[in-house]
Amino acid sequence: MPPIPPLFKLPIGPRGTITCTQPSQRVYLLTFDSPPDNRLTPEFCGAFVLALDILDRRFEKGLVLTTSAIPKFYSNGLDFESAFKSKSFFPEILYPLWKRLLTYPMPTIALINGHAFAAGIMTAMMHDYRFMNPHRGFVCLNELEFGAPLKAPMSSIFRQKLPNPNTYRTMVLEAKRFNALEALQEGIVDGLGMVPEVLKFVQEMRLVDKAKSGVYGQLKAEMWRETVGYLEDHVGSEVIIEDKIQGEKRCQEQREQRVTDWEKFKEHKGAKL
């Protein structure tokens with residue numbers, strides 16, 4: 001079978017690309033290729049948003065499928081240097097991408113072909129459905145391992161979408177790596193397979209017709225109101241987090257003082273004996 005000609009191709013920085021093809025009628029496949037592991041850099045996020053805008057504004061409504069040209073990785077998450085050197089990264093670059101995906105006016109499916117770690121699996125969760133390669137890759141929230149707290153929308157999307165809160169507890173507090181079968185059993189993904197299996201799912205669910213009435217994105221915005229609110233009100237959620245951090249510091253000081261007083265009491269009592 002000859003290769004499918006691309007509908008368009010966008011650059012990701014000097015080395016990467018997002019290529020859009022149409023493997024089936026009104027199914028738009030966005031394939032990331034940003035070596036070595038599709039990190040969510042400003043350039044990656046910008047190209048992703050532009051691809052979504054092009055499909056929304058210039059093509060017939062259908063379905064958007066995303067995957068990676070890098071076999072080992074769907075996405076390995078944030079690039080910490082670019083994410084934290086600028087205060088604008090979260091409110092102006094990453095969160096707009098996530099909100100666009102979460103409220104997109106067509107159905108979206110993430111085809112997790114390889115590893116999806118940290119913000120990589122978060123990005124997949126912003127899609128309506130997820131499929132996973134049954135033979136390769138893990139999904140994992142590994143923030144515990146490198147000491148990064150979860151921001152509000154990073155947490156709420158799992159609370160809203162996972163069917164079992166114990167699964168999220170395992171993801172966050174154990175940093176468990178889920179293989180494809182485990183991810184399916186826990187409801188992290190909706191199916192196993194690659195493009196042929198996804199296309200069969202799309203056909204069976206008649207997903208390419210779901211956006212015709214024009215309210216698909218609005219319905220999702222209401223469904224996921226909590227996460228959408230956090231993505232929109234970055235400043236407010238950050239203030240709440242900072243207040244909690246400062247409150248915890250005060251509690252820690254009080255706890256330390258109680259333990260110190262107890263130690264002094266023990267020492268004084270022992271001296272009397």
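The model is predicted, so local features need pLDDT of at least 70 and side-chain atom pairs count only at pLDDT 80 or more, while totals for chains, interfaces and linings use all residues. Residues are numbered from 1 along each chain as its sequence is written, and side-chain values use heavy atoms, with hydrogens and water left out.

Start with helices H3 (residues 89-102) and H6 (residues 152-161), whose axes come within 12 Å and cross at roughly 15 degrees. That makes H3 roughly parallel to H6, a label given to angles under 35 degrees. Here axes are lines fitted to C-alpha atoms over the stretch in contact, with angles running from 0 to 180 degrees between N-to-C directions; helices are DSSP runs (H or I, at least four residues) and strands are E runs of at least two, numbered from the N terminus. On the H3 side, Phe90, Tyr95, Trp98 and Leu102 meet Pro153, Met154, Ile157 and Lys161 of H6, contact being heavy atoms within 4.5 Å.

Some of these residues turn up again among the rings. Phe80, Phe84, Phe89, Phe90, Tyr95, Trp98 and Phe146 are linked into a cluster by ring pairs, that is, Phe, Tyr or Trp (six-membered) rings with centres within 6.5 Å. Altogether the structure holds 15 aromatic pairs.

As for the backbone, the peptide bond from Pro35 to Pro36 is cis, with omega near 5 degrees. Pro36 belongs to the loop between strand E3 (27-33) and helix H1 (42-58). Ala118, not a glycine, still has a positive phi of about 50 degrees. Most residues other than glycine have a negative phi, and most peptide bonds are trans.

Notes
Angles under 35 degrees count as roughly parallel, over 145 as roughly antiparallel, 65 to 115 as roughly perpendicular and the rest as oblique. Rings of Phe, Tyr and Trp (its six-membered ring) pair if their centres lie within 6.5 Å; planes under 30 degrees apart count as stacked, over 60 as edge-to-face and the rest as tilted.
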